[in-house]
Structure formats: structure tokens, C-alpha cells
There are 2 protein chains.
Amino acid sequence: MPSIKDVADLAGVGVGTVSRVINKNPTVKPETREKVNAAIKKLNYIPNEVARNFKMQKSTMVALLLPSIWHPFFSEFAYYIEDALDKEGYKLMLCNSGGRPDKEIYYFDMLNQNKVAGIIGITYNEIEDSVSTDIPIISLDRHFGKKITCVTSDNYAGGRMAVKELVKAGVTKVAYLGITSSVYSEVLLRKKGFVDEAEAQGIEYVTYEEHDAVFDDDTFFDDFFSKKEHQDVDGIFANTDLLAAKYIDKAKQKEIYTPKDVKVIGYDGIQDNKLFRPFLSTIRQPVEEMARLSVELLLRKIEGETLDQDIYRVPVMYREGETT
Amino acid sequence: MPSIKDVADLAGVGVGTVSRVINKNPTVKPETREKVNAAIKKLNYIPNEVARNFKMQKSTMVALLLPSIWHPFFSEFAYYIEDALDKEGYKLMLCNSGGRPDKEIYYFDMLNQNKVAGIIGITYNEIEDSVSTDIPIISLDRHFGKKITCVTSDNYAGGRMAVKELVKAGVTKVAYLGITSSVYSEVLLRKKGFVDEAEAQGIEYVTYEEHDAVFDDDTFFDDFFSKKEHQDVDGIFANTDLLAAKYIDKAKQKEIYTPKDVKVIGYDGIQDNKLFRPFLSTIRQPVEEMARLSVELLLRKIEGETLDQDIYRVPVMYREGETT
DNA sequence: AAAAACCGTTGAAACGTTTCAATTATGATG
DNA sequence: CATCATAATTGAAACGTTTCAACGGTTTTT
């Protein structure tokens with residue numbers, strides 16, 4: 001592999017000059033530039049990015065740390081993250097934590113050692129502690145404080161919106177279905193929005209939740225359907241699209257049909273092709289916008305800018321499907 | 001940030017010794033190791049992976065180059081790739097090419113400059129040329145020759161299997177639906193298997209394909225349904241699950257119902273949750289196995305081993321759903 | 001007691017780049 | 001033509017690690 005030294009020798013110039021040519025520094029005479037470029041071509045020289053990162057003590061690698069790329073929401077999110085990063089000359093490193101705190105910490109350590117330029121994280125952990133580092137971080141859906149900027153959808157508005165739409169569809173009693181986690185997350189506002197709007201509308205409502213550590217499809221729904229106060233529920237707002245889909249499936253087994261007997265609204269809006277049926281009515285998070293905003297904010301932090309907010313909520317919208 | 005030098009000074013040893021401690025080289029006296037570890041802890045020293053990569057002239061970064069992480073098949077594949085790589089201490093860099101040749105080449109150049117340890121690629125391009133490099137490569141579904149090892153599912157057997165299952169389900173005339181690309185790919189064997197098995201079974205069959213550059217849902221299916229020789233088709237084998245899902249949807253609009261009027265089998269087996277309906281009958285590629293095999297082979301190439309085959313075909317299986 | 005063998009340790013060199021103080025070349029001015 | 005100002009170029013130093021020839025100390029062998 002030819003190095004910058006080889007190019008310099010062949011072109012009959014100093015290494016500094018070659019470096020300036022490569023980095024498009026304008027203070028180099030056109031004819032010198034010519035010579036250097038000729039030498040570069042002749043030797044088939046390509047700059048060693050690793051050496052450059054080393055010398056500069058920084059890289060253009062951004063890590064995306066999420067529970068699982070396999071999940072449709074995250075894979076769409078990752079798609080836009082990569083696209084946005086690439087447009088700015090950054091590269092994406094993908095880390096699946098499985099939502100496990102130990103793995104999250106393990107990855108944070110690794111990212112530290114690897115001096116990534118920044119991190120976009122979707123974590124279930126109290127990451128502030130693992131982050132003694134000064135690597136810029138964007139957190140999705142979880143607000144930690146000044147140091148870590150949070151990007152999220154307007155979960156509260158989404159919760160209210162869901163109830164409004166259910167009421168508009170003519171339901172008389174609504175239920176909130178949720179999977180909770182042991183850490184605080186903006187996602188909790190979906191429930192708050194639901195409750196507030198149900199009370200504002202003066203409609204009967206129940207909430208029903210289970211912790212993700214013990215969550216099990218069968219137990220969860222069997223419990224739900226067996227409770228007396230759930231019998232007359234005819235409107236469902238589920239925490240996530242996946243939970244909504246599971247509900248619809250389970251309800252069908254109990255001969256409760258959607259949307260005939262019960263209207264269902266999910267949250268996320270991840271369906272984008274014919275493989276996904278039924279087409280859910282849902283509160284759609286603007287995934288692309290959230291991804292691009294995350295990248296934009298992260299890069300601004302990397303550039304050393306201080307952001308004016310430490311939480312950014314992007315508006316959601318209702319997308320009508322076949323389940324209301 | 002403390003460096004190895006700082007640790008050495010504090011521990012009162014040479015830098016070489018610290019290096020040996022970090023790298024678990026056994027030729028260091030226990031009490032020295034003790035001292036060094038104490039110094040490491042005291043200074044909160046973490047090794048600089050970038051410097052190490054630089055010095056070693058190699059990294060532990062593996063790139064996954066694919067059309068789009070958004071696609072369910074690729075996102076499942078990526079999930080297992082990341083898992084397998086992480087288990088071996090490697091990291092994953094994700095590159096979405098959009099299937100565009102120019103972007104594929106652009107990424108290959110970039111990966112070269114970044115001296116990644118290896119590449120796992122799902123490409124639509126004649127990549128041999130862009131790969132003057134000696135970076136080990138695994139290619140999914142496309143066989144290029146000795147230099148690039150190919151991992152694929154047994155497409156031919158899959159094609160035959162699909163016909164066998166359709167026949168078993170009682171169909172009398174089968175159609176192959178496919179999207180083709182301009183480059184050779186193992187995927188073409190799905191069609192060959194289909195044709196061979198249809199002839200072996202002595203069943204009527206047609207094949208119907210469109211190039212991906214001009215593919216359009218409406219045109220494709222309107223054309224398909226309008227042809228006289230397609231009227232009595234009652235068994236469909238679609239190139240991919242997504243195409244199968246689209247067919248089912250379009251057929252429904254024409255009042256051709258699945259599986260009552262027509263049995264449909266797809267290829268891939270990407271459905272894994274309740275969001276995906278109907279549950280397709282499909283030829284399932286063992287995604288996890290393919291991913292782990294890809295990583296295993298790649299790492300063996302990275303270690304300098306020469307592999308005994310240049311194409312590895314892993315067996316597929318039939319998974320019965322609701323569409324046959 | 002000298003020589004040999006072994007063990008543990010040392011620290012300079014090297015990896016390929018960028019940077020910047022120093023140097024040289026070029027051009028303008030009086 | 002000498003002087004000065006400016007433009008262009010040079011190359012050593014530095015980034016943090018690994019490696020390895022050399023070294024000193026201890027034990028074993030002769």
C-alpha cells in the first residue's frame with residue numbers, strides 16, 4: 001500500500017503538500033496540485049482513513065444503539081439515520097443491545113474506546129452514569145437531562161389524539177393497553193394523554209398495563225378479557241402497533257371482531273407494505289423526521305454547538321387504517 | 001485522556017509491560033501485573049482502540065452492505081450478523097446502497113479507505129472490479145468466483161419444493177411470479193427449480209417476470225391478470241414473500257381469493273409477528289443460519305484461511321401458512 | 001566460580017497522517 | 001538591484017499503540 005510519503009517522493013514534493021492537495025487546501029499552486037494528482041493516480045494511492053482518524057483523535061463514525069434492528073420501527077429508523085449520516089459524510093455503526101442494561105453498558109464502553117464521534121441511543125438503562133465521557137449523545141424517547149439531548153414524538157398529543165379518534169368512530173368505553181418498563185420514558189405520556197382526553201371527553205375508560213419483564217402474550221390478554229370491567233370496552237388504544245396487532249388477533253379468537261365489535265388504534269405507524277395486515281389505524285410517529293432531526297442535532301453537538309433545548313418533540317399524526 | 005505512557009509512569013514500569021498487561025500476555029510477573037492494573041484503575045485509563053487499529057493496520061470492523069435495512073428480510077439478517085460478529089469481538093458498520101451500483105462502488109471505496117476487516121455484501125453490481133483490494137468478502141446470493149465467497153439458500157431446491165407443495169395442495173396449473181435484475185444471481189435458480197419440478201410433475205405451468213428497473217405493482221399485475229393463459233392458474237409461486245403478498249392483495253381486488261381460488265407460496269419466510277397477515281405459506285430461508293455461516297466464513301477468511309468451497313448453499317424448508 | 005540458560009522488563013522505532021514553524025521561491029516596490 | 005511582502009512549500013514532531021532487539025537479574029549447569 002502506497003503512503004503519502006511515496007506520493008510525495010514520486011511527485012517530488014513534501015508530504016505536507018500532498019496532504020494539502022488531498023484535503024483540498026487552496027494554498028497550493030495549480031501546477032503542483034497537478035503533479036501530485038498525477039502521482040496519486042499513478043500509485044493508486046488512497047488515503048488511510050484509520051491513520052487520519054488516529055492523528056485527528058476523532059472519527060466520523062456514529063453509533064446507533066438500539067434494542068433490536070429486527071423490529072420494524074427500528075429498522076425504518078435506522079434506514080433514515082444511515083441515509084442522513086451518509087449525506088454528511090458520517091458512517092454508521094450498529095449495536096443491538098437487546099434492551100439489556102449490561103449489554104448497553106458494554107456497548108457504551110466499547111464506543112468510548114473506539115472514540116466514535118457520537119451516539120444515537122434507544123436505551124432502557126440509566127445511561128448517564130456509563131457516560132462519564134464527553135461523546136455527544138442523542139437519546140430517543142428518554143429524557144435524561146442537559147447533557148443528553150432527547151428526541152421523541154409528541155406522545156402526550158398522540159394519546160389524546162387516539163381517544164379523540166376513537167370517540168369520533170363512535171366508541172363508548174375506551175381501554176389503554178400498555179407494556180411498561182422500569183425506567184422513565186416519554187412513552188408514558190401516551191397514557192397520560194389518553195387519560196386526560198378521556199376525562200375531558202367524559203367517556204368511560206380503563207387502563208391495563210404489564211411490565212415488560214414479565215409480559216407474556218397469553219397471560220396478558222387472558223387476564224384482560226377475563227376482567228368484568230373490560231367486557232363493554234369497544235375502543236382500544238394500544239401502546240404500540242405490535243401490541244394492537246396482538247390484541248386484534250387475540251380478540252378474534254374470542255369472537256370479538258375489529259372493527260365491527262371494537263375499534264383499535266395503535267402507535268408507531270410502521271406498516272409500509274402489503275405484508276402487514278390488517279392495515280392498522282394508528283398514531284404515526286414521523287420516523288423519517290425524527291431520524292433526520294436526531295442526526296442534525298447530533299452533528300451540531302459534535303461541532304461543539306450547544307443546543308437550545310434538551311428535548312425535542314416532533315408532532316404525530318393520525319393515520320386511518322382498517323381497524324376503526 | 002491518560003495514555004499508556006501515563007500508566008507506565010505511575011506504575012513505575014515500561015510501556016511495553018503495560019501493553020503486555022492489557023493484552024493479557026502471560027509473560028508478566030503477577031506482582032507487576034498487579035501494580036499496572038492498580039495504575040490503570042487509578043487513572044481511569046481505557047485503551048485507545050483507534051490507535052491500536054492504526055498500529056496494527058487492521059480493524060475489527062466488518063461492513064454489511066445491503067440495499068436497505070428497512071426491508072424485513074435484511075433487518076432480520078442484519079440482526080443475526082450483528083449478534084454473531086459481537087460474539088467474536090467484531091463490530092458492524094451498516095451501509096445501505098439502495099441497490100444502486102454507484103452507491104455500491106462508493107461504499108466499497110470508502111470501506112477500503114477505512115480498512116475494514118471484511119465485508120458482507122448483498123449487491124446488484126459487478127463488484128469484482130471495485131474490489132482490487134484484498135479485503136475478505138462474503139456475498140449473499142451472488143456467486144462471483146474464487147475470490148468472493150458466496151452464501152445462499154438452496155434456491156433450486158426451494159423452487160422444486162414450492163411446486164411439490166402446490167401440487168400436494170391440489171392445484172392444476174402453476175405460475176411463477178418473479179422480479180428479475182440485470183445481473184446473474186442464485187435467485188434465478190428458484191425459477192429453474194420451479195420449471196424442472198413442474199415438468200417432472202407433468203403439471204401445466206407458466207412463468208411471468210418483470211425487470212426490477214421497470215417493475216410497477218399495477219402494471220405488473222394488470223398485465224398478469226389480463227393474459228388468457230393465466231386465467232386458469234390456481235397455484236402461485238412468488239419470487240419473494242413481498243411479491244406474494246402483493247399478488248394476494250391484487251387478486252382479492254379481482255375477486256380471486258386465497259386460498260379458496262388460488263394457493264400461494266412465497267419465498268423468504270420473513271414473517272415473525274402478528275403484524276404480518278395473512279400468514280404466508282412460504283419457502284423459508286434459514287436466515288439465522290445464513291447469517292452465522294456468513295460471519296464464520298468471513299472471519300476464517302480474515303484469519304487467512306482458504307475456504308474449501310466458493311459457494312455455500314444452506315437448505316430451505318417449507319413453512320405452511322394460511323395461503324395454501 | 002564462570003558460563004549458560006532463562007525470565008521479566010525496557011524503550012526506541014514504526015504505523016500514516018496532519019500541523020505548523022521555518023524556509024524558500026516569487027513578485028512587487030522604490 | 002536591493003528590499004520587502006507574500007505565496008508556496010518543507011519536513012520534523014506528534015498522535016497512542018505494539019513489537020522486538022537488547023538488557024539485567026536470577027537460577028541452573030559445567
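1. A residue is near a molecule or strand if its C-beta atom, placed from the backbone, lies within 6 Å of it. On that basis, 28 residues surround DNA strand C. The closest are Ile4(A), Ser19(A), Gly14(B), Gly16(B) and Thr32(B). Two or more residues of this surface come from each of helix H1 (4-11), H2 and H4 of chain A, and from each of H2 and H4 of chain B. Helices here are DSSP runs of H or I with at least four residues, strands are runs of E with at least two, and both are numbered from the N terminus.

2. The model is predicted: local features need pLDDT of at least 70 and side-chain atom pairs count only at pLDDT 80 or more, while totals for chains, interfaces and linings use all residues. Residues are numbered from 1 along each chain as its sequence is written, and chains are lettered from A and ligands numbered from 1 in the order in which they are written.

3. H4(A) gives the largest share of the surface near DNA strand C, 5 residues. By class this surface has 12 nonpolar, 11 polar and 5 charged residues. Ala, Val, Leu, Ile, Met, Phe, Trp, Tyr, Cys and Pro count as nonpolar, Asp, Glu, Lys and Arg as charged, and the others, Gly among them, as polar.

4. DNA strand D also has 28 residues around it, of which Gly14(A), Gly16(A), Thr32(A), Ile4(B) and Ser19(B) come nearest. At least two residues each are supplied by helix H2 (15-22) and helix H4 (49-56) of chain A, and by helix H1 (4-11), helix H2 (15-22) and helix H4 (49-56) of chain B. H4(B) gives the most, with 5 residues. The classes are 12 nonpolar, 11 polar and 5 charged.

5. Next, the contact between the protein chains. It takes 40 residues from chain B and 40 residues from chain A, where contact requires C-beta atoms, placed from the backbone, within 7 Å. On the side of chain B that touches chain A, H4, helix H5 (72-87), strand S2 (91-96), helix H6 (101-113) and helix H11 (241-253) each supply at least two residues. H5(B) gives the most to that side, with 7 residues. The residues there divide into 18 nonpolar, 11 polar and 11 charged.

6. Which strand of chain B does strand S2 (residues 91-96) of chain A join? The partner is S2(B), through 3 bridges, and the two run antiparallel. Leu94(A) has Leu92(B) as its bridge partner. Two strands pair if DSSP finds at least two bridges between them.

7. An open sheet of 12 strands with mixed pairing has the order S11(A)-S5(A)-S4(A)-S3(A)-S1(A)-S2(A)-S2(B)-S1(B)-S3(B)-S4(B)-S5(B)-S11(B). Strand S11 (311-314) of chain A and strand S11 (311-314) of chain B are the edge strands, each pairing on one side only. From one strand to the next the twist averages 20°. Within chain B, 4 bridges join strand S1 (residues 61-66) to strand S3 (residues 118-121), and these run parallel. Val62(B) stands opposite Gly118(B) in S3(B).

8. H2(B) and helix H3 (residues 30-43) of chain B pack at about 90°, with axes 10 Å apart. H2(B) is therefore roughly perpendicular to H3(B), a term for angles of 65 to 115 degrees. Axes are lines fitted to C-alpha atoms, for helices over the stretch in contact, and angles run from 0 to 180 degrees between N-to-C directions. Thr17(B), Val18(B) and Val21(B) of H2(B) make the contact with Thr32(B), Arg33(B), Val36(B) and Asn37(B) of H3(B).

Technical notes
Two residues are in contact if their C-beta atoms, placed from the backbone, lie within 7 Å. Angles under 35 degrees count as roughly parallel, over 145 as roughly antiparallel, 65 to 115 as roughly perpendicular and the rest as oblique.
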